[in-house]
Amino acid sequence: MENYSNKIPNETEKAELSREEMAKLFNYPSIGELFSETDPRRLNEFFARLSATRENLERVIRYGNRDESERASKAANAVNVTLEFLENLQKMRLNEKR
């Protein structure tokens with residue numbers, strides 16, 4: 001949840017944020033498209049999105065209540081695993097081209 005103010009969102013705001021987050025999630029490209037040789041920017045943009053998501057989750061971990069922090073911590077771990085996975089794929093692909 002992107003909440004840059006210090007106030008806690010109410011239930012309506014949480015529902016709106018969830019819809020926005022889901023829309024963002026479904027806008028992420030497929031793995032094959034990420035590693036397309038015709039448009040290498042897609043992978044960089046995806047890394048940037050995931051990094052921004054991780055930063056937002058870390059903010060929730062620090063400033064959210066206990067339940068929010070626990071959920072954000074799990075999500076941040078998933079984002080870190082995804083970033084590591086994509087970085088490994090990228091390294092493998094670059095080594096394959098050599």
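Mentor: Let us begin with Arg66, which is exposed, with a relative accessible area of 68%, where exposed means over 50% relative accessible area, buried under 20% and partly exposed in between, computed with a 1.4 Å probe and protein chains only. Before going further, note that this is a predicted model, in which local features need pLDDT of at least 70 and side-chain atom pairs count only at pLDDT 80 or more, while totals for chains, interfaces and linings use all residues. Residues are numbered from 1 along each chain as its sequence is written, and side-chain values use heavy atoms, with hydrogens and water left out.

Arg66 forms a salt bridge with Glu70, and their closest N and O atoms are 3.4 Å apart; a salt bridge here is a side-chain nitrogen of Lys or Arg within 4 Å of a carboxyl oxygen of Asp or Glu. Both residues lie in helix H4, 4 residues apart, which is about one turn of the helix. Helices are DSSP runs of H or I with at least four residues, strands are runs of E with at least two, and both are numbered from the N terminus. Glu70, at 42% relative accessibility, counts as partly exposed.

The structure holds 2 salt bridges, and Asp67 forms one with Arg71, again with the closest N and O atoms 3.4 Å apart. Asp67 and Arg71 also both belong to H4 and are 4 residues apart, about one turn of the helix. Asp67 is partly exposed at 45% relative accessible area, and Arg71 is partly exposed at 48%.

A polar atom of the Ser69 side chain lies 3.4 Å from the backbone oxygen of Val60. Leaving aside neighbours within four places in sequence, Ser69 is in contact with Val60, Ile61 and Gly64, contact meaning heavy atoms within 4.5 Å.

Val60 leads us to H3, whose buried residues are Leu43, Phe46, Phe47, Leu50, Asn56, Leu57 and Val60. What covers them includes helix H2 (31-34) and H4. H3 has 23 residues and reaches 33 Å from its first C-alpha to its last, close to the 33 Å expected at 1.5 Å a residue, the expected span being 1.5 Å times one less than the number of residues.

In the largest nonpolar core, which has 13 residues, Leu34, Leu50 and Leu86 touch the most other members; such a core is a set of buried Ala, Val, Leu, Ile, Met, Phe, Trp, Tyr and Cys residues joined through side-chain atoms within 4.5 Å. The elements giving two or more residues to this core are helix H3 (41-63) and H4, and the largest share, 6 residues, comes from H3.

Stepping back to the whole chain, there are 4 helices and 0 strands, and buried residues make up 20% of its 98 residues. Finally, of the contacts in the chain with a separation of 6 or more, 48% are between residues 24 or more positions apart.

Key:
Polar contact = N/O pair within 3.5 Å; in protein donor to acceptor, adjacent residues only side chain to side chain.
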